[in-house]
Amino acid sequence: LGYTLLYNAVGGVLQARGLNAHLGWLHVPGSRHLALASDLMECYRAYVVDATLLHLLHAGDLDPADHRCDDGQCQLGPETVRSFTRAIEARFNAVQQHPQCGTPMDLRRIIDRDVLSLITSLRTGDPADFSPTRWR
């Protein structure tokens with residue numbers, strides 16, 4: 001669920017900036033798969049999704065009783081989906097200092113900054129012009 005939310009956020013920024021998000025380098029493009037969104041979201045997976053999930057687990061905010069498993073298939077309960085979605089959205093909206101430039105911005109602005117860096121690299125033809133966010 002978290003990776004899907006992140007994938008859609010990155011895909012939206014790519015498309016808003018006019019890039020063809022179906023073409024990527026690391027992931028195989030498909031008719032509906034935004035390969036470039038999958039490529040770029042790698043920079044954020046641990047920082048956004050994994051850290052949020054670990055925080056919710058450690059805080060006891062996810063109730064194992066809210067999950068169902070039938071015939072080997074597990075499903076998140078509605079309260080877990082709501083809690084996790086709220087937490088991810090809060091992570092997206094939290095203003096923080098960008099790790100490299102120090103400018104305060106929310107995660108969507110950080111993603112947009114990385115997309116603009118990619119666009120610069122594509123225009124100049126120099127891969128060194130692309131500098132994605134490094135978290136630590």
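Predicted model: local features only at pLDDT ≥ 70, side-chain atom pairs only at ≥ 80, totals over all residues.
## Overall architecture

The secondary structure of the chain consists of five helices and four strands, and these elements follow one another along the sequence in the pattern α-α-α-β-β-α-β-β-α. Taken along the principal axes, the box filled by the C-alpha atoms is roughly 55 × 35 × 25 Å.

Of the 136 residues in the chain, 36% count as buried.

## Helix 3

Helix 3 covers residues 45–59, and its 15 residues reach 20 Å from the first C-alpha to the last, which is close to the 21 Å expected at 1.5 Å a residue. Within this helix there is a bend of about 30 degrees, located at alanine 51. After helix 3 comes glycine 60, which has a positive phi, near 75 degrees.

The buried residues of helix 3 are Tyr47, Val48, Val49, Thr52 and Leu56. They pack against several other elements, namely helix 1 (2–16), helix 4 (78–93), strand 3 (96–97) and helix 5 (107–124).

## Threonine 80 in helix 4

Helix 4, one of the elements against which the buried residues of helix 3 pack, also holds threonine 80. Is this threonine 80 buried or exposed? Threonine 80 counts as buried because its relative accessible area is 5%, and the cut-off for that class is under 20%.

When neighbours within four places in sequence are left aside, the residues in contact with threonine 80 are Leu62, Asp63, Asp66 and His67.

Trp25, Leu26 and Leu122 together make a nonpolar surface patch of about 390 Å². Of these residues, tryptophan 25 is located in the loop that lies between helix 1 and helix 2 (35–41).

Why does tryptophan 25 count as exposed? Its relative accessibility is 60%, and tryptophan 25 is therefore classed as exposed, a term that applies over 50%. Threonine 80, by contrast, is buried at 5%.

Definitions and conventions: Residues numbered from 1 in each chain as written. Heavy atoms only, no water. Helix = DSSP H or I, 4+ residues; strand = E, 2+ residues; numbered from the N terminus. Expected span 1.5 Å × (residues − 1). Bend = angle between axes of the 7 residues up to and from the residue. Buried < 20%, exposed > 50% of the residue type's maximum accessible area, 1.4 Å probe, protein only. Contact = heavy atoms within 4.5 Å. Patch = residues over 30% accessible without salt bridge, like charges linked within 9 Å, V, L, I, M, F, W, Y side chains within 5 Å. Areas by Shrake-Rupley, 256 points an atom, 1.4 Å probe, with all protein chains shown as cover. Salt bridge = Lys/Arg side-chain N within 4 Å of Asp/Glu carboxyl O.
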